Every structure is written in C-alpha cells, then in structure tokens.
Amino acid sequence: MDDKPRLADSAAPPDQPQKDAGDSAMDFGVLPELIGYHLRRAQVHLFADFARTMAEAQMTPGQFGVISLIGANPGLTQSALARAVGIERSTMVAVIDALQDRGLVERRPSPVDRRSYALMLTADGAQLLDRLTPLVRAHERNVARRLSASDKEKLIELLTKLIP
C-alpha cells in the first residue's frame, strides 16, 4: 500500500463513517504533483496573514503593490502599472478609482501624453506607504520564517520563471 493519505469515498455506506477533511487518511490524488495547488495553498496562507497585518489599514496585497509601485515610480501611467502587475487595464482603473476615493492616489494629466494620466501618491498615500512598509516587511519575515535566506532567494527565482 502506498504512503499517500486517503479520504473515504464520499458515497460511503451509512454504516461507514465519513473521513473528516483533516483526516490523515486523505488521498490528495494528483494535487501534490501540481505547482498550482501548492501555490494556491501558500497564497491562502500568505493572504490571511497579510489581512491580519493590514486589518487596521484595510489594505489588500494588490492595493499595497499598487501604491508601492506608484510611490517608487511617480508619474506612472495606468497602462504601465497594469502591465507591471499583470492585470487588465480596466481592472487597474477600478483599483485606482478605489485608491483615489480613499485619498491615497491622484491622477494628473500626463506631461507626455494627453490621453493618459500620471499617477501620484497623495501626501496621505505616501504617509500610509511609509507606515505600512515596515508592517509588510514583518509580515514577509513571518511567512518566510521557515526558509533560509538562500531558500527565499531561490523560491523567488523559481517563481519568476513561471511568469511569461
């Protein structure tokens, strides 16, 4: 018999107890072989810890990424920002709208293209970014605590190879 955990068939007869999802006999089938499965499990853990860390600021990982990029690249266009984070431009418009409604980001006419806006952090946005960055660094240390520095570096290197 193999060492893979097993889960009783969901159609088990009533006289046989169902296995709980946390049961060590669970069979994960093909999932342990799938990169996406492990990435998703890691993402769920990372996002939950991020949400706890950012509860007071009500900031999502995506929003933090956006204000970080705008803070580091004042004047960035929405299109360039959408490409940098790998989302559709229309989705980015909604993200920027929400951040603008919170008074964290502003759109200014682009000095080089009248059809575009240059994105800037407001004073409140820059102050929030300065306050949240140490919290995000602490979150990162927490979620990577079981990795050595070289493991973390290698993981980041490997993950970037998955991005076309």
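**View 1. Packing of helix 2 against helix 4 at an angle of about 80 degrees**. In this predicted model, helix 2, which covers residues 61-72, packs with helix 4, which covers residues 89-101, and the axes of the two helices are 11 Å apart. Because angles of 65 to 115 degrees count as roughly perpendicular, helix 2 and helix 4 are described as roughly perpendicular to each other. On the side of helix 2 the contact is made by Gln 63, Val 66, Ile 67 and Ile 70, while helix 4 contributes Met 92, Val 95, Ile 96 and Leu 99.

**View 2. A nonpolar patch on the surface**. The patch is formed by Ile 35, Leu 39, Leu 147, Leu 155, Leu 159, Leu 162 and Ile 163, which together have about 600 Å² of accessible area. At least two residues of the patch come from helix 1 (35-53), and at least two come from helix 6 (149-161). Leu 39, one of the patch residues, has its place in helix 1.

**View 3. A salt bridge between Arg 131 and Glu 56**. Side chains of opposite charge can pair when their charged atoms come close. In the pair shown here, the closest N and O atoms of Arg 131 and Glu 56 are 3.9 Å apart. Arg 131 belongs to helix 5 (residues 123-143), whereas Glu 56 sits in the loop between helix 1 and helix 2, so this pair ties together parts that are 75 residues apart in sequence. A search of the whole structure finds seven salt bridges.

Key. Residues numbered from 1 in each chain as written. Predicted model: local features only at pLDDT ≥ 70, side-chain atom pairs only at ≥ 80, totals over all residues. Heavy atoms only, no water. Axes fitted to C-alpha atoms, helices over the stretch in contact; angles between N-to-C directions. Helix = DSSP H or I, 4+ residues; strand = E, 2+ residues; numbered from the N terminus. Parallel < 35°, antiparallel > 145°, perpendicular 65-115°, else oblique. Contact = heavy atoms within 4.5 Å. Patch = residues over 30% accessible without salt bridge, like charges linked within 9 Å, V, L, I, M, F, W, Y side chains within 5 Å. Areas by Shrake-Rupley, 256 points an atom, 1.4 Å probe, with all protein chains shown as cover. Salt bridge = Lys/Arg side-chain N within 4 Å of Asp/Glu carboxyl O.
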